[in-house]
Amino acid sequence: MNIFNEVGGIVAKAMEEIPELAEVLDLASQRVAVESPRDSSHGDMATNAAMVLAKRAGMKPRDLAEKLCVRLVEHGSVVSAEVAGPGFINLRLTDGYWRERLREVLSADVDYGASTIGAGRKVNVEYVSANPTGPLHAAHARGAVIGDALARLLAKAGFEVCREYYINDAGAQVDTLARSTHLRYREALGEDIGEIPDGHYPGEYLKDVGEALAERDGERWLAKDETDWLAEVRGFAIERMVAGIKTDLGRLGIDMHVYSSERALVESGGVDAVMQTLDDKGLLYTGVLEPPKGKMPDDWLPRPQRLFKATDFGDDVDRPIAKSDGSWTYFASDVAYHLDKFKRGYAEMIDVWGADHGGYVKRMQSAVRAITAEQGVLDVKICQIVHMMQDGKPVRMSKRAGTFVTLSDVIDSVGKDVIRFIMLTRRNDQPLEFDLAKVIEKSRENPVFYVQYAHARCHSVLRLAHDTFPDLDLGANGLAGVDLDCLTGSGELGLIKQLASWPRLVESAAETHEPHRVAFYLSELAAGFHGLWNKGKDDATLRFIVEGDRPRTFARLALVRGVATVIASGLEVMGVEPLEELRS
RNA sequence: GGCCCCGUAGCUCAAAUGGAUAGAGCACCAGCCUUCUAAGCUGAUGGUUACAGGUUCGAGUCCUGUCGGGGUCACCA
């Protein structure tokens, strides 16, 4: 249960009991918020109810707040309700209320924080979707992790989530892949192919593909014209590339539910059908686009082509849906693809794209509005660039220079958990620096280590406790039954309050599609735990295991288990394995 | 030139629907190890939230403009 909603219910009940508010509750109660005060000395919870409602009720905010306070303190879990500032109401809740929240953590175990706000609604998250022309490189990691963590987060919040990868296997780039593979195939059969010519992919990774093709088909394609082998070689190479991509994603802990093929969509006539529908609706026309403002491309020519009336749906200009030779643009198949998702039941769609696609967002959203009759919603998460560094120096990532850093290389170097965590330590729309050396440092500066260390410390205490009390069940469910009344210190209760805010964090991060908040939450929780730990250094009576005081020790072990549980729950959303020991 | 994103402490970054005195880490300064992991903790210093207006009980957050950084702009995907 989200404690903020729970307290919101208490506030709502108090509001209903004020006669002056009878007329205005429906109108304004949505704007009533319950949240934690910035300064914890103000109390546990604060609400703006009086300020929001005062005007409509014809009262002064502070007067209304006073009346509400009288009602609020009648509730058994409320210790005090005080008016502050312009009309805030600060609430303090009983220690018993908070101890029960810890019991909830332990009863729910790693499911703590699961929510029903999604109500089983279907959401489609499309991410990675890298072209199947080579292995994933380091820069793909960010979108992969953000998309995957978002999918996990939405699932935890009660949505029915589909994780999807769109394979761009239909354009000119896969023909280039086929030609490049054919070269390597000839090479595998003993031919000296020399330098890889321009217009081909030079990557060494295609050597394996060429060899595999030679092994399978022998000299079958050697003397044939391109028209004879292109489709076959292309299919072979794409299959290989996709298999490699799946392997890499698997190593990152990503398991897509659906791989959608652009080629299948095109060949089934899906694109033609959608374009016909748009045409029937009068949303396509033949026109000539304005030339780009500012610097003019050398080869720009005014040409008539089929355009989509994107401006009717919020875009800035109408967008070309067909090339000047009449064939569909990439945009056209993308429109068809999004309609396909919608028809599969996903009215809510999220796409995770790289920063270079920022200019594409409005047109895709306008297209989704057009083809779904405003029923579908597309949110696009744009991932800013990742600067790969090594000890503060940029790592060059250039295919030509051969310093091509693959995702697989990075996983080998720092591990999947580090990549996943670090990729979530920035908002998606901020550039991110990824230093291969710093991210494996064992220090306060490295959030991965810091959070794992907190989790490992919890388990360290539990291991020691097991030696001392072999009869006690130290699992979450076992500790859920112990008496918690000994948890009275501000540090202990403060930590419980942090734990208790996890369900709300899941909900708000899911609603705003911001998985990075989980990483920040866990860092703060870890800091809270490390702080409490160190109090035991100064004052032995504050240690978790107190000799000769079984009730106190058990209650504190319950708290430690609660911290471990919530950290594990958060790491699960991030797709990171919690470590029980860091010593090596 | 149009459009999109960004601009918060010396540095790297937070701040749910607009909420109270804008928070962390690093660096710098002062402390804490015979101790459940010091791989850690406590405290101090540090701000006109790029700038100028506007909206309102209240703006880092919303609106307009300016400046600065990045991305992008049909016949690539």
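Visitor: Which element gives the largest share of the surface near RNA strand B?
Guide: Helix α20 does, with 10 residues. This is a predicted model.

Visitor: Which parts of the RNA face the protein, by atoms within 4 Å?
Guide: Sugar or phosphate accounts for 58% of those atoms of RNA strand B. The rest belong to bases.

Visitor: Why is the pair between Asn90 and RNA strand B called a polar contact?
Guide: The cut-off is 3.5 Å between N or O atoms.

Visitor: What does Tyr453 reach on RNA strand B?
Guide: A sugar or linking oxygen, at 2.3 Å from a polar side-chain atom of Tyr453. This pair is within 3.5 Å, so it is a polar contact too.

Visitor: How do you know that Phe544 makes a polar contact with the RNA?
Guide: The atom on the Phe544 side is a polar backbone atom. A base nitrogen of RNA strand B is 3.4 Å from it. The limit is 3.5 Å, so the pair qualifies.

Visitor: Which elements give two or more residues to this surface?
Guide: They are β1 (34-35), α3 (49-57), β4 (88-93), α7 (172-188), α16 (447-468), α19 (502-512) and α20 (516-538).

Visitor: Why is Gln452 called buried?
Guide: Buried means under 20% relative accessible area. Gln452 has 5% relative accessibility, so it counts as buried. Gln452 lies in helix α16.

Visitor: What does the side chain of Gln452 reach?
Guide: The backbone oxygen of Glu577, at 2.7 Å. Gln452 also touches Leu571, Val576, Pro578, Leu579 and Leu582.

Visitor: Why is Glu239 called exposed?
Guide: Exposed means over 50%. Glu239 has 62% relative accessibility, so it counts as exposed. Glu239 lies in helix α9 (residues 226-251).

Visitor: How far apart are Glu239 and Pro132?
Guide: They are 107 residues apart in sequence. In space they are 8.5 Å apart, C-alpha to C-alpha.

Visitor: What does Gln173 touch?
Guide: Asn131, Thr133, Asn168 and Tyr201, leaving out residues up to four places away in sequence. Gln173 lies in helix α7. A polar atom of its side chain lies 2.7 Å from the backbone oxygen of Asn168.

Visitor: Which residues touch the most other members of the largest nonpolar core?
Guide: Leu68, Ile419 and Phe434, out of 152 residues. Helix α21 (residues 550-574) gives the largest share of this core, 13 residues. A second, separate core has 33 residues, including Leu278, Phe308, Met349 and Trp353.

Visitor: What does Leu68 touch?
Guide: Its contacts are Ala14, Met15, Ile18, Ala49, Ala50 and Ile89, not counting residues up to four places away in sequence.

Visitor: What confidence does the predictor give?
Guide: The mean pLDDT of chain A is 88. Of its residues, 96% reach 70 or more. The complex gets an ipTM of 0.91 and a pTM of 0.94.

Terms used
Residues numbered from 1 in each chain as written. Chains lettered and ligands numbered in written order. Predicted model: local features only at pLDDT ≥ 70, side-chain atom pairs only at ≥ 80, totals over all residues. Heavy atoms only, no water. Near = heavy atom within 4 Å. Polar contact = N/O pair within 3.5 Å; in protein donor to acceptor, adjacent residues only side chain to side chain. Helix = DSSP H or I, 4+ residues; strand = E, 2+ residues; numbered from the N terminus. Core = buried A, V, L, I, M, F, W, Y, C linked by side-chain atoms within 4.5 Å. Buried < 20%, exposed > 50% of the residue type's maximum accessible area, 1.4 Å probe, protein only. Contact = heavy atoms within 4.5 Å. pLDDT = per-residue confidence, 0-100.
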